[in-house]
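Please read this briefing alongside the sequence and the 3D structure shown below.

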Amino acid sequence: MRVEKEQVELLRDIAIQTLYETFYTEEKTEVLQAYVDEAYTKEELLQSLDDVSSTTYFAYYDNALAGYLKVNMYDSQTEDMGDEGFEVQRIYVSKKFKGLRIGSLFMDFAIALAKANKRSFMWLGVWEHNYAAQAFYKKYGYYRVGEHDFTMGDLIETDWILRKDL
């Protein structure tokens with residue numbers, strides 16, 4: 001289900017929840033909070049929802065919000081990948097819904113969107129230490145083509161850039 005502007009608070013809640021579920025450690029408490037305060041403001045999320053080249057979707061399971069997917073094209077991509085690229089910027093599923101194939105449904109949906117928009121490849125960034133996500137993406141034919149820094153406050157992490165040809 002496509003996220004509408006009226007659902008921005010729901011988006012903010014699931015975004016923060018899944019971010020903490022994925023990356024929280026006591027050492028990262030302050031940097032995660034600083035990142036949330038910057039990247040997940042209502043204004044930032046509304047601006048993203050207004051972007052015609054970026055779309056966000058919710059997934060529900062038994063009427064409960066289970067996760068979200070954000071995809072980007074053209075200048076909305078977080079890296080310059082040209083007009084042929086299709087970015088899967090965020091694909092997050094709440095911990096209590098892991099193992100129910102929601103991530104797979106999101107990825108299948110993203111692939112269908114990329115093909116419908118006549119993109120020649122998809123790409124995404126994944127934290128170099130997120131081995132479960134890397135294995136998931138590998139099953140879909142993604143392969144490593146580079147890396148970039150991902151900054152949260154004064155913490156700099158390395159994300160691998162993965163690509164899938166269509």
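F58 is buried, with a relative accessible area of 3%; buried means under 20% relative accessible area, exposed over 50%, and partly exposed in between (1.4 Å probe, protein chains only). The model is predicted, so local features need pLDDT of at least 70 and side-chain atom pairs count only at pLDDT 80 or more, while totals for chains, interfaces and linings use all residues. Residues are numbered from 1 along each chain as its sequence is written, and side-chain values use heavy atoms, with hydrogens and water left out.

**Helix α1**

- Helices (H or I, at least four residues) and strands (E, at least two) are DSSP runs, numbered from the N terminus.
- Helix α1 covers residues 8-23, which makes 16 residues.
- The expected span of a helix is 1.5 Å times one less than its number of residues.
- The buried residues of α1 are V8, L11, I14, A15, I16, T18, L19 and F23.
- Among the elements that cover these buried residues are the helices α2 (29-39) and α3 (42-50).
- The cover also includes the strands β1 (54-61), β2 (64-73), β3 (85-93) and β4 (121-127).

**Aromatic rings**

- Rings of Phe, Tyr and Trp (its six-membered ring) pair if their centres lie within 6.5 Å; planes under 30 degrees apart count as stacked, over 60 as edge-to-face and the rest as tilted.
- By this rule there are 9 aromatic pairs.
- One of them is edge-to-face: F58 and Y60 lie 6.1 Å apart, centre to centre, with 85° between the planes.
- F58 is buried, at 3% relative accessible area, whereas Y60 is partly exposed, at 36%.
- Y68 and Y92 count as stacked because their ring centres are 5.9 Å apart and their planes are at 25°.
- This pair links distant parts of the chain, with Y68 in strand β2 and Y92 in strand β3, 24 residues apart.
- Both Y68 and Y92 are buried.
- One aromatic cluster is formed by F136, Y137, Y140 and Y142.

**Charges over rings**

- A charge sits over a ring if NZ of Lys or CZ of Arg is within 6 Å of the ring centre and within 35 degrees of the ring normal.
- R144 lies over the face of W160, at 4.2 Å from the ring centre.
- The charged end of R163 sits over the ring of F121, 3.9 Å from its centre.

**Pocket and cavity**

- Rolling a probe the size of a water molecule over the atoms shows where empty space is left.
- On a 1 Å grid over the protein atoms alone, a cavity is a set of points where a 1.4 Å probe fits but cannot get out, and a pocket is an open set with protein on both sides within 12 Å along at least five of seven lines; lining residues have an atom within 4 Å of a point.
- Grid points are joined across faces, edges and corners, and a volume is the space filled by probe spheres set on the points.
- The largest pocket has a volume of about 1000 Å³.
- Its lining has 42 residues, of which I91, Y92, N130, A133 and Y137 lie nearest the pocket centre.
- Two or more lining residues each come from α1, β3, α4 (102-116), β4, α5 (131-139), β5 (143-152) and β6 (155-165).
- Strand β3 gives the largest share of the pocket lining, 7 residues.
- There is 1 cavity of 30 Å³ or more, and the largest cavity holds about 40 Å³ of space.
- The largest cavity is lined by L11, L45, S48, L49, T56, Y68, K70 and R90.
- The elements that give two or more residues to this lining are α3 and β2, and the largest share, 3 residues, comes from α3.

**Positive phi angles**

- Most residues other than glycine have a negative phi.
- R101 has a positive phi near 70°; R101 lies in the loop between β3 and α4 and is exposed, at 54% relative accessibility.
- K118 is not a glycine but has a positive phi of about 55°; K118 lies in the loop between α4 and β4 and is exposed, at 66%.

**Residue Q89**

- Q89 is in strand β3 and is partly exposed, at 24% relative accessibility.
- Q89 and K70 are 19 residues apart in sequence and 5.5 Å apart in space, C-alpha to C-alpha.
- Contact means heavy atoms within 4.5 Å.
- Leaving aside neighbours within four places in sequence, Q89 is in contact with K70, V71, N72 and T78.
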